[in-house]
Amino acid sequence: MLKARSKLFNVFLRDQNSFKFAIGVLLGLSFSIGVILSTVGLMDGFESVMKKALKNSVGDFSLTSRKGFFSFDKDVSGPLKSLGVKEKASFIQTEGFVIFSDFSQGVQVKGVEPGEFSRVTGLGLDFEEGQVAIGIQLSKKFGIKKGDRIVLAFATGNESLSERPLLKGFLVGQILTHGLYQKDERIIYIKRRTLDSILELNGMVNVVSGNLPVTTSLRSVGKKKAVVTDQSMFSFFEKASGIIPQSFYILPYWDEYAPLLEAVKHDKLIISVILQLVVIVSIFNMVAFIFYVNEKKSREIFLFRALGMSERELLKAWFFVVLSFWFFSCLLSLLVLQVFDWSLANLAFLKLPGDVYNLERIHLVLELEDYTIVFFASLFWFAFFSWIALFRMRRKSILEGLRKEFS
């Protein structure tokens, strides 16, 4: 039976016109499936890259107090220890202005211990006393290079906003990237004791960042960093709500962009459903190919019937042809996917405006579930419309088609 199907397949594609038609149908279908996969991959890639960038600026969670500044050792060190949190960093976060040459803008200044903060976020801070670390976008915007001198303007204390700002000069010791445009443009890091001295805080801090304990996260095999899932984060927060003092807020690292990330999830579903129309339009070409070959090869089909191929076997052979088209379309769509992913990473015109989309470059991220949904959704449409076409063909007598061919 398989041999008969193979021979029928060869008959359908033997002449040049049918072969060209088949190639066009195959390319159209593979491109349509590739577009859907690329769209889903873009949405997942946007979420993945953004979450990674956010984690690089705060760790797994952040802790702040309703009262403002607090003592880390007295207020939260004990509760965090009870929760099993080992990787944590307390720091000072305030607002100020950066001044360089004739340029100035508002920035968020973080007073951190570089080693401690880097262990939590993986950011890799490395600068000396009297130096600052700035984001790459701020460097590009003002033309600041490593070793240049910038000026930061602060209020001169915790309760001195009405006084004149205090101007302090610093050398740029490091230019880094978070992977998120706004943070690379707005965040400046200095030594915690330096900022403590400027604001006269006497060891007080206003933010604590930390990573979840390993027992409440999933550790990837062969990796040092734990991969935190949403479920493990919610479990940790539920446990922390009974231990952390009520005067403190504990927030996940993605909280700042939570509405945007939620919107992306909903848009991915809606766009994927809409793009199924692209596949359906392409499948109409497949239906047209079925009718075209049936009309053009009616004599060959009659000969197969005359040699003993039943109508049921003929339909099975046609479905074999249709499924072959679907299978090879899925394989070619993977090639389309790789081309698009490479284009996103290398072609200049596909670079996103970071100030609009928060990210300049994203890559495609697809899981097995995404491939399964897209491939089998396209298979459903293949089978549905092909069955309709083949059912209509059954209503037409082969002899009727043969008479038409010789008339």
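This report walks through the chain as a whole, some of its strand pairing and one of its pockets.

## The model

What you see is a predicted model, so local features need pLDDT of at least 70 and side-chain atom pairs count only at pLDDT 80 or more, while totals for chains, interfaces and linings use all residues. Numbering starts from 1 along each chain as its sequence is written, and side-chain values use heavy atoms, with hydrogens and water left out.

## The whole chain

The chain holds 15 helices and 11 strands, taken as DSSP runs (H or I, at least four residues, for helices; E, at least two, for strands) and numbered from the N terminus. Of its 407 residues, 46% are buried, meaning under 20% relative accessible area with a 1.4 Å probe, protein chains only.

## Strands side by side

Strand β5 (residues 149-154) runs antiparallel to β2, with 3 bridges between them; strands pair if DSSP finds at least two bridges. Ile99 sits opposite Val151 in β5.

β5 also runs antiparallel to β6 (residues 166-176), joined by 6 bridges. Here Leu152 faces Lys168 in β6.

## The second largest pocket

This pocket has a volume of about 370 Å³. Its lining has 20 residues, and Val58, Gln93, Lys110, Lys183 and Glu256 are the closest to the centre. Elements giving two or more residues to the lining include α2 (16-58), β2 (88-100) and β3 (103-112).

On a 1 Å grid over the protein atoms alone, a pocket is an open set of points where a 1.4 Å probe fits, with protein on both sides within 12 Å along at least five of seven lines; lining residues have an atom within 4 Å of a point. The volume is the space filled by probe spheres set on the points, which are joined across faces, edges and corners.

Note on methods:
Buried < 20%, exposed > 50% of the residue type's maximum accessible area, 1.4 Å probe, protein only.
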